[in-house]
Amino acid sequence: MKDSTAADAGHQDQETRASGRPDEAGSEAHGVTERARLALPAAMVLSGIISVQAGAGIADKLFREIPPAAVTGLRLWTSAVAMAVISGRGLVGAFGDLAKRRAWADAGIAVSFGIALLIMNFSIYQAFARIPLGVAVTIEFLGPLAVAVAGSRHLRDVGWVVLAAAGVVLLTQGGHGHLNLTGVAFAGVAGACWAGYIGLSQATGRRFPGSAGLAIAMLVAGILITPPAVIAGGSAMFRPAVLATGAAIGILSSLIPYRLELEALRRMPMRLFGVWMSLEPAVAALIGLALLGQQLSALEWLAIGCVMIACAGAA
């Protein structure tokens, strides 16, 4: 097949040279086809980003009724149940296989993945409760940026790190008295856990079939968050309206984006996916403005732009 394609291309090239003009129509048609092919995954990525940040905005509003730890619990419980249902027999088979093989190392990876998920979600919700949505997500994005440039020997990647660092400095200088240092610290912890999440996700995927590994990790996170969530939320978190809102947050922030991103990655290169994901801090800031009235200064928008450009460039 490859030889036949090469021969056809060579024959077409000879005809083009004989006519004395480039195959402009063919190039234009190819470009249109390529853009059409990427339109669907681009829409999936953008829809996933909007879904995640809409869930974050709703969670921020729910903080007025129950503490962030309780909201984290509702999100992780919903995500765990949804992933267990989706995985179905694969999850049961994975547990049986672990017990049969006594694969404690594999189990340890899945548990570590769940702990990273727990701390990441807990920390970012603590950040949301203290600093604007766009600022928190921008700081959190330093985690995947660090993964993108780790081990790189290209000088340009050092430039992306410097640009991101400049963005963070601008964030600390551009606020109007609302930039809580505890919130910044929680966002930084969430970013570090996001970096760990990337590595553990890859390791889990190699050891478990399908989505079974992720389902195990989500169950671990859901179980471990239960004591702090119940202690913080008390009976208030079990009111029907609160439970329904928590379930919506879990669906918007985990189930929908996970599925959309999975399908998008099947249709596009990883690098391009990373570039488009860099839109997330800006979308978070816009959601914060629209749902929560969180207005940012021009300097803060510039800072968000710096980190977005750095993430896109590293990708």
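**Entry 1: ground rules**

I am working with a predicted model, in which local features need pLDDT of at least 70 and side-chain atom pairs count only at pLDDT 80 or more, while totals for chains, interfaces and linings use all residues. Residues are numbered from 1 along each chain as its sequence is written, and side-chain values use heavy atoms, with hydrogens and water left out.

**Entry 2: the whole chain**

I started with the secondary structure and found 14 helices and 0 strands in the protein chain. Helices here are DSSP runs of H or I with at least four residues, strands are E runs of at least two, and the numbering starts at the N terminus. Read from the N terminus, the order is α-α-α-α-α-α-α-α-α-α-α-α-α-α.

Next I checked burial: 43% of the 315 residues of the protein chain count as buried. Buried means under 20% relative accessible area, exposed means over 50%, and partly exposed lies in between, with a 1.4 Å probe and protein chains only. The protein chain exposes about 15800 Å², and carbon and sulfur atoms supply 65% of that area. These areas come from the Shrake-Rupley method with a 1.4 Å probe.

I also looked at contacts, meaning heavy atoms within 4.5 Å. Among contacts between residues at least 6 apart in sequence, 87% join residues at least 24 apart.

How many residues of H6 are buried? I found 8 of its 8, so I noted H6 as mostly covered. The buried residues of H6 are Leu133, Gly134, Val135, Ala136, Val137, Thr138, Ile139 and Glu140.

I then took H6 (residues 133–140) against H9 (residues 181–207): their axes come within 7 Å and cross at roughly 40°. That makes H6 oblique to H9. For my own reference, angles under 35 degrees count as roughly parallel, over 145 as roughly antiparallel, 65 to 115 as roughly perpendicular, and the rest as oblique. Axes are lines fitted to C-alpha atoms, for helices over the stretch in contact, with angles from 0 to 180 degrees between N-to-C directions.

H6 passes H9 in a right-handed crossing. A crossing is right-handed if the near helix is turned clockwise from the far one by less than a right angle, and left-handed if anticlockwise. On the H6 side I listed Ala136, Ile139 and Glu140, which meet Val184, Ala187, Gly188, Ala190, Gly191 and Trp194 in H9. By class, the residues of this contact divide into 6 nonpolar, 2 polar and 1 charged. Nonpolar covers Ala, Val, Leu, Ile, Met, Phe, Trp, Tyr, Cys and Pro; charged covers Asp, Glu, Lys and Arg; the others, Gly among them, are polar.

My other partner for H6 was H13 (residues 280–292), with axes that come within 7 Å and cross at roughly 165°. That makes H6 roughly antiparallel to H13. This crossing of H6 and H13 is right-handed. Leu133, Gly134, Val137 and Thr138 in H6 meet Glu280, Pro281, Ala284, Ala285, Ile287 and Gly288 in H13. I noted 6 nonpolar, 3 polar and 1 charged residues in the contact of H6 with H13.

**Entry 3: H3 against H5**

The axes of H3 (residues 68–87) and H5 (residues 104–128) come within 9 Å and cross at roughly 135°. H3 and H5 are therefore oblique to each other, and their crossing is right-handed. From H3, I see Pro68, Ala69, Val71, Thr72, Arg75 and Leu76 meeting Leu118, Asn121, Phe122, Tyr125 and Gln126 of H5. This contact of H3 with H5 has 7 nonpolar, 3 polar and 1 charged residues.

**Entry 4: two residues of H2**

Serine 51 lies in H2 (residues 24–62). Is serine 51 buried or exposed? Serine 51 counts as buried, because its relative accessibility is 6%. Leaving aside neighbours within four places in sequence, I found serine 51 in contact with Leu252, Ser253, Ile256 and Pro257.

Not counting residues up to four places away in sequence, glycine 48 touches Pro257 and Leu260.

**Entry 5: a loop residue**

Where does asparagine 180 lie? I located asparagine 180 in the loop between H8 (155–173) and H9. Asparagine 180 is partly exposed, with a relative accessible area of 33%. Asparagine 180 touches Arg130 and Ile131, not counting residues up to four places away in sequence. From C-alpha to C-alpha, asparagine 180 and arginine 130 are 6.0 Å apart in space and 50 residues apart in sequence.
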